[in-house]
Amino acid sequence: MTEVEITARKEVQQIVQELDAIQTRLETIHARLPVPADEAAMHEGEKEPDFSTEMRSVIECVSADYLRPAIRDLAAAAAFRPKEKK
């Protein structure tokens, strides 16, 4: 590997750690927000969502759709080792 590639690997590993820390912070916020008794009705559109329900939903979606896949894919890329040339 070249010096540029080694540096890129280290930088991406650091970014993975930072994204993981952000994911943990979001999970902490999610856990602190109250779950209203009528949250299911809010999710089904029968009732207007309150702040907690909306924020919890957005955190869940962002985590599942973007952060966790990004963390997984970037970590895998940083760990990638090309096959040795013979």
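Which helix does Arg 9 lie in? Select Arg 9 and you land in helix H1, which covers residues 3-32. Keep in mind as you click around that this is a predicted model.

**Stop 1: Arg 9**

Stay on Arg 9 and show its side chain. Arg 9 is buried, yet no salt bridge goes with it. Now bring up what surrounds Arg 9, skipping the neighbours within four places in sequence: the contacts are Met 1, Ala 78, Ala 79, Phe 80 and Arg 81. One of these, Ala 79, sits at the end of the range of helix H3, residues 51-79.

**Stop 2: Gln 23**

Next, select Gln 23, which is also placed in helix H1. Is Gln 23 buried or exposed? With a relative accessibility of 4%, Gln 23 counts as buried, because the cut-off for buried is under 20%. Leave out the neighbours within four places in sequence again, and Gln 23 turns out to touch Ser 63, Leu 67, Arg 68 and Ile 71. Keep Arg 68 on screen, since the next stop uses this residue.

**Stop 3: the salt bridges**

How many salt bridges does the model have? The count comes to two.

For one of them, select Glu 27 together with Arg 68: their side chains meet in a salt bridge, 3.7 Å from N to O. Glu 27 belongs to helix H1 and Arg 68 to helix H3, so this pair ties together parts that are 41 residues apart in sequence.

Then move to Arg 72 and Asp 73, which form a salt bridge with their closest N and O atoms 3.0 Å apart. Here Arg 72 is exposed, with 53% relative accessible area, while Asp 73 counts as partly exposed at 44%.

**Stop 4: a nonpolar patch**

Finally, keep the surface on and select Val 58, Val 62 and Tyr 66. These residues make a nonpolar surface patch of about 270 Å². Zoom in on Val 58, which lies in helix H3, residues 51-79. How accessible is Val 58? Its relative accessibility is 38%, so Val 58 counts as partly exposed. That value also clears the patch cut-off, because patch residues need over 30% relative accessible area.

Methods
Residues are numbered from 1 along each chain as its sequence is written. This is a predicted model: local features need pLDDT of at least 70, side-chain atom pairs count only at pLDDT 80 or more; totals for chains, interfaces and linings use all residues. Side-chain values use heavy atoms; hydrogens and water are left out. Patches are made of residues with over 30% relative accessible area and no salt bridge: like charges are joined within 9 Å, nonpolar side chains (Val, Leu, Ile, Met, Phe, Trp, Tyr) within 5 Å. Accessible areas come from the Shrake-Rupley method with a 1.4 Å probe; for residues, only the protein chains shown count as cover. A salt bridge is a side-chain nitrogen of Lys or Arg within 4 Å of a carboxyl oxygen of Asp or Glu. Helices (H or I, at least four residues) and strands (E, at least two) are DSSP runs, numbered from the N terminus. Buried means under 20% relative accessible area, exposed over 50%, partly exposed in between (1.4 Å probe, protein chains only). Lys and Arg count as positive and Asp and Glu as negative; His and the chain ends are not counted. Contact means heavy atoms within 4.5 Å.
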